[in-house]
Amino acid sequence: MESLAAITLMGRGAGASQETEGPRALRPYFPTAAHQFVWRNWDIIPQERIARALGSTSGLVTKLARTMGLGQQNIPARHWQRLRFKGLRRNWSFVPYSQLTLLLGMSVPEIQVMLSQDAFYIADLGPKPECPRVQIEKPLNLGSGIIPHFRAGMTTGPEEERFHFMELLDRPISKSPEAGGAGKIALKPRIAFPYYAKFGNVLGNADFRSSYPAALLENMARMDLGAIWLGAMYQHLIRTRIFPEFGRESAAQLANLNWLIDEAKKHGLGVYLYLNEPRGMPANFFKTYHEIKGAPGRPGDGLFSMCTSTKMVQDYLVEATAMLFKEAPGLEGIILITASENPTNCYSLTRHPKCPRCSRRSGPEVITQVVQLMDEGARSVTPDARVIAWDWSWEIVEDDPQKQIIDRLPSSATLMVDFERGTVIERGGVKSRVEEYSLSVVGPSPRAAAHVRLGKARGMAVMAKIQVGNTWEVGLVPYIPVEQLVARKFEAMRSVGISGAMESWTLGCYPSQNWDVAESFYRDHSAGSDRDLENVAASIYGDKAAKRVVRAWQLFSDAFQQYPFSDSLVYSSVVQCGPAALIYFEPTGLTPRIMNSYDNLDWTQPFGPQIVSDVFEKMGSGWREGLKELEGAMNDVPAAHRRQAAKDLGVCRAIGLYFRSIANQVRFHASRQRWKMSVDGMETMNSVVKDEMSIARKFLEICSQDSRLGFEASLDYLYLPLDIREKIVACEYMVEKQIPETRARLKA
Ligand SMILES: [Zn+2]
């Protein structure tokens with residue numbers, strides 16, 4: 001997860017204290033906390049374990065589940081490792097550690113180790129609230145039958161098993177018309193993240209190799225990609241003389257890395273490591289190494305920089321990087337973020353580091369020295385290693401554009417620029433800066449254009465960081481079908497002389513039409529005309545449907561270009577959950593977190609709730625026009641392509657539901673207190689809730705049949721069908737009970 005600098009700003013919103021957060025997290029449509037406990041775990045934890053954690057019996061837990069319309073459990077148990085964070089997320093706010101450990105089968109230290117692996121996890125969960133023990137209350141009157149408002153959330157029929165997409169990717173995709181075509185390669189490297197590989201310190205995972213089956217890699221080659229990337233941490237991967245406590249797992253991690261390099265090579269793919277080095281270390285570490293203790297990390301993370309203004313740490317960066325290339329000789333390169341994200345050098349999070357040494361040096365000097373030292377280490381072993389210096393968040397140390405930094409970089413390194421970052425957009429008369437990657441903005445931003453010029457003036461190779469399949473604008477769908485915007489982005493990259501691209505962070509690498517469009521730009525012949533888009537459309541939907549499909553993509557592109565981008569909107573809101581996000585009849589007072597803002601609307605700034613809901617409404621209606629075209633084209637799709645086309649249509653419909661639902665949710669939470677003051681207001685509320693419920697039903701139908709929705713490699717599933725069912729139950733409870741009761745009070 002990138003951009004934590006922006007995210008951590010949000011955690012400060014409506015500050016509920018840890019003592020009250022637990023009870024506040026209980027939802028009124030669950031008759032007791034035990035009901036909520038059973039529901040929230042039913043699709044991920046076996047009932048025996050739920051019973052054990054509750055101190056109850058399987059029989060009683062099943063009975064309780066039945067009263068909420070929960071049927072047979074169908075848990076994707078072989079993917080349990082990937083559901084652990086989901087388990088934490090679902091239970092964190094209302095279940096005490098004593099029960100959480102039983103539920104998840106993890107000790108408290110194991111949970112803490114997991115959370116420490118990436119700054120995102122803890123920013124998402126927040127501090128652990130104090131929670132009373134959850135138990136089945138006695139006497140428990142379960143009554144007979146299903147609790148009325150839970151009937152609305154019942155489903156019939158089988159659903160596609162979660163993670164089923166792994167099987168889909170286990171067979172070769174067809175090559176696009178452009179793959180391996182004529183012409184010289186004009187874009188190299190082309191790096192992306194395998195769709196369901198894991199993110200973090202993964203090289204030590206016991207199941208590491210299962211994340212990279214041959215078919216997944218082969219399909220990336222068929223998408224005409226040239227390399228994959230994965231994360232790593234030197235302290236686990238590399239053994240050096242300087243810090244002998246590091247690298248205890250080195251042998252196993254290097255064996256996995258070399259295995260992956262060999263496997264990737266079989267498919268013509270290179271391997272890159274994404275690094276934030278040297279990683280901040282806990283205070284304890286500096287009892288032995290007091291002389292290198294640098295600036296503190298983020299509030300509460302307990303970390304301090306290993307100061308890169310000391311010779312010891314400088315030597316370490318050179319030696320560890322040299323060792324990496326020596327021990328993994330087939331490694332193609334390394335990708336370096338040197339500001340924001342996990343705490344690394346003393347300037348990585350601040351322009352004014354609390355470090356006696358670095359505060360006497362400039363930020364650009366410190367940042368570029370890290371790149372220079374790692375470049376030196378890499379090149380001492382592998383002269384043509386590619387060391388990619390990414391301009392991500394360099395504004396932490398220098399205002400845009402970062403001339404001082406770029407002028408100091410070693411010219412042997414490759415500069416990688418965020419292609420859209422720094423673009424100023426205006427929605428409803430309010431300006432906002434895009435501080436992220438974006439498909440709604442084509443680029444280059446003025447910052448990117450300046451960085452390209454500065455890098456080229458230094459004689460450096462200049463790459464772009466872009467997203468092809470999707471972005472965090474709508475991150476939990478396999479792709480966003482805005483092909484004209486994808487094509488224009490590649491045209492723009494070509495016109496400023498970009499020579500390579502990192503084409504995905506951890507999201508968006510499902511093989512899709514977006515990648516087919518991208519491929520048409522990989523070679524030096526000109527591409528991007530309507531004809532090229534039609535060729536891509538024809539290969540998926542058949543010749544007859546192609547023209548209409550391209551028109552649909554144009555309408556989608558037009559609608560999407562209005563996206564009201566801000567960092568808080570994409571990261572610290574309900575935007576990623578879309579229709580799966582709950583709405584709340586009463587103010588919750590809960591602290592907004594990454595990707596879950598509850599009913600807090602601070603994330604709508606700088607635009608404010610009105611503009612955000614208006615813009616999403618407008619995007620929704622524009623999107624509907626595109627859907628009409630696409631639906632119309634379906635009749636012309638040949639039988640052999642229909643199944644795939646129907647699935648694509650499902651993705652496009654789901655995105656349209658996102659826009660409508662986000663507009664509704666903002667409107668609901670901005671207006672609910674006012675609505676509660678009049679009978680008319682309650683009528684409006686009732687119709688919004690009913691609309692939201694019907695959106696959730698349609699969304700559930702699509703998600704049930706498409707295991708890709710809600711999935712992203714670093715988050716795994718942000719929502720599962722059961723979360724959408726809870727949304728429906730919550731809406732039904734409002735319609736059945738909360739709204740009528742308020743209305744009756746108003747009339748009395
Ligand atoms: Zn320092």
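The structure is a predicted model, in which local features need pLDDT of at least 70, side-chain atom pairs count only at pLDDT 80 or more, and totals for chains, interfaces and linings use all residues. Residues are numbered from 1 along each chain as its sequence is written. The predictor's confidence in each residue is given by pLDDT, which runs from 0 to 100. The protein chain averages a pLDDT of 93, and 95% of the residues score at least 70. Over residues 3–16, however, pLDDT stays under 50.

**Overall form**

The protein chain has 28 helices and 15 strands. Both are DSSP runs numbered from the N terminus: helices are H or I with at least four residues, and strands are E with at least two. The radius of gyration is 26 Å, close to the 27 Å that the globule rule gives for 748 residues, so the chain is as compact as a globular protein of that length. This radius is taken over C-alpha atoms, and the globule rule is 2.2 Å times the number of residues to the power 0.38. Along the principal axes, the C-alpha atoms fill a box of roughly 80 × 70 × 50 Å.

Of the 748 residues, 55% count as buried. A residue is buried if 20 or more other C-beta atoms lie within 10 Å of its own, exposed if 12 or fewer, and partly exposed in between, with C-beta atoms placed from the backbone. Lys 63, in helix α5 (residues 58–66), is partly exposed, with 14 other C-beta atoms within 10 Å.

Two residues are in contact if their C-beta atoms, placed from the backbone, lie within 7 Å. Among contacts between residues at least 6 apart in sequence, 79% join residues at least 24 apart.

**The core**

A nonpolar core is a set of buried Ala, Val, Leu, Ile, Met, Phe, Trp, Tyr and Cys residues joined through C-beta atoms within 7 Å. The largest one has 241 residues, of which Ile 228, Leu 336, Val 387, Ala 389 and Val 549 touch the most other members. Helix α26 gives the largest share of this core, 12 residues. Not counting residues up to four places away in sequence, Ile 228 touches residues including Ile 191, Phe 193, Met 220 and Val 271.

**Two helices**

The expected span of a helix is 1.5 Å times one less than its number of residues. The table gives the spans between end C-alpha atoms.

| Helix | Residues in helix | Span | Expected span |
|---|---|---|---|
| α25 | 25 residues | 36 Å | 36 Å |

Among the buried residues of α25 are Val 612, Phe 616, Trp 623 and Leu 630. The buried residues of α25 pack against β10 (424–427), α22 (530–541), α23 (543–560) and α26 (639–675). In α22, the buried residues include Leu 533, Val 536 and Tyr 541, and what covers them includes α20 (483–496), α21 (513–519) and α25. After α22 comes Gly 542, with a positive phi near 90°.

Three strands form an open sheet in the order β4-β6-β5, with antiparallel pairing. The edges are β4 (281–282) and β5 (293–296), each with a single partner strand, so one side of each is left without a neighbour in the sheet. Two strands pair if DSSP finds at least two bridges between them. β4 pairs with β6 (residues 303–306) over 2 bridges, and the bridge partner of Met 281 in β6 is Phe 304.
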